[in-house]
Amino acid sequence: MLALLAGCSTVSLGSVESVRLAFQGDKVDATPESVAASPYFQLQANSPAGQAILILAKTEQGELGWYGGNHDIVFTRDGVIARTVGLPQNLDASAFPGENPFHQGLQRLSGPVSYTRRMDWSPDYRYGVILRAQLEPKGLEDVEILGKVHRLRRVDESLTAQGVHFDNRYWVDPADGFIWKSRQYVAPDYPLELIQLRPYREPAA
């Protein structure tokens, strides 16, 4: 059983399956009504293989576990994908050996900032890859989610290692750094777009 955040309730695998749409070529048509009809925190995930609605079924020491059926799981921390399970390509682990600007809050950025990330990818078992990273705040953009327009700061992230380069993008609440929408690569050839439908909102530090 998967522990839900509210009280001692649990989310069974059957409940997860009833909420979630498979990644296998399906498309999600989330509406305010469909989201409100479910009692769970919900995250839309769009991948090259299709789309899904995942529910928050686990939280532990700041890491959030967003679950679907068939063992598809996306773990996030501070709005950043920390690891994934069950996708055609997976991020097995991600760490910040030094300063973590996401934990500090992207709303604090006043200019470009450089740092280091370490990632493990499968199925090619590329472990311990050290990437040079840079975040750069851009302008405010209107992002529509479930018919509501959010005025968000776009922040671009560039990541580079030997033979590897990809760019992530985050749309951030300028008041508290909450990431409403993002496009992040879980592996160099596999992007995942995340959209908060019913967010479990923990303000950035």
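Analyst: Q134, L135, E136, K138, D156, E157, S158, D167, N168, R169, W171 and R183 line the second largest pocket. This is a predicted model, where local features need pLDDT of at least 70, side-chain atom pairs count only at pLDDT 80 or more, and totals for chains, interfaces and linings use all residues. Residues are numbered from 1 along each chain as its sequence is written, and side-chain values use heavy atoms, with hydrogens and water left out.

User: What counts as a pocket or a cavity here, and what as lining?

Analyst: Work on a 1 Å grid over the protein atoms alone: a cavity is a set of points where a 1.4 Å probe fits but cannot get out, and a pocket is an open set with protein on both sides within 12 Å along at least five of seven lines. Lining residues have an atom within 4 Å of a point.

User: What volume does the second largest pocket have?

Analyst: About 160 Å³. That is the space filled by probe spheres set on the points, with points joined across faces, edges and corners.

User: Which strands supply at least two residues of its lining?

Analyst: β10 (126-145), β11 (148-161) and β12 (164-172) each do. Strands are DSSP runs of E, at least two residues, numbered from the N terminus.

User: And the lining by class?

Analyst: 2 nonpolar, 3 polar and 7 charged. Asp, Glu, Lys and Arg count as charged; Ala, Val, Leu, Ile, Met, Phe, Trp, Tyr, Cys and Pro as nonpolar; the others, Gly among them, as polar.

User: Is R117 buried or exposed?

Analyst: R117 is buried, because its relative accessible area is 2% (buried is under 20%, exposed over 50%, partly exposed in between, with a 1.4 Å probe and protein chains only). R117 sits in strand β9 (residues 113-122).

User: What does its side chain make a polar contact with?

Analyst: The side chain of E157, at 3.0 Å. A polar contact is a pair of N or O atoms within 3.5 Å; within protein, one must be able to donate a hydrogen and the other to accept it, and residues adjacent in sequence count only if both atoms are side-chain atoms. E157 also lines the second largest pocket.

User: Switching topic. Where does Q42 lie?

Analyst: In strand β3 (residues 42-47). Q42 counts as buried because its relative accessibility is 3%. A polar atom of the Q42 side chain lies 3.3 Å from the backbone oxygen of Y40.

Terms used:
Helices (H or I, at least four residues) and strands (E, at least two) are DSSP runs, numbered from the N terminus.
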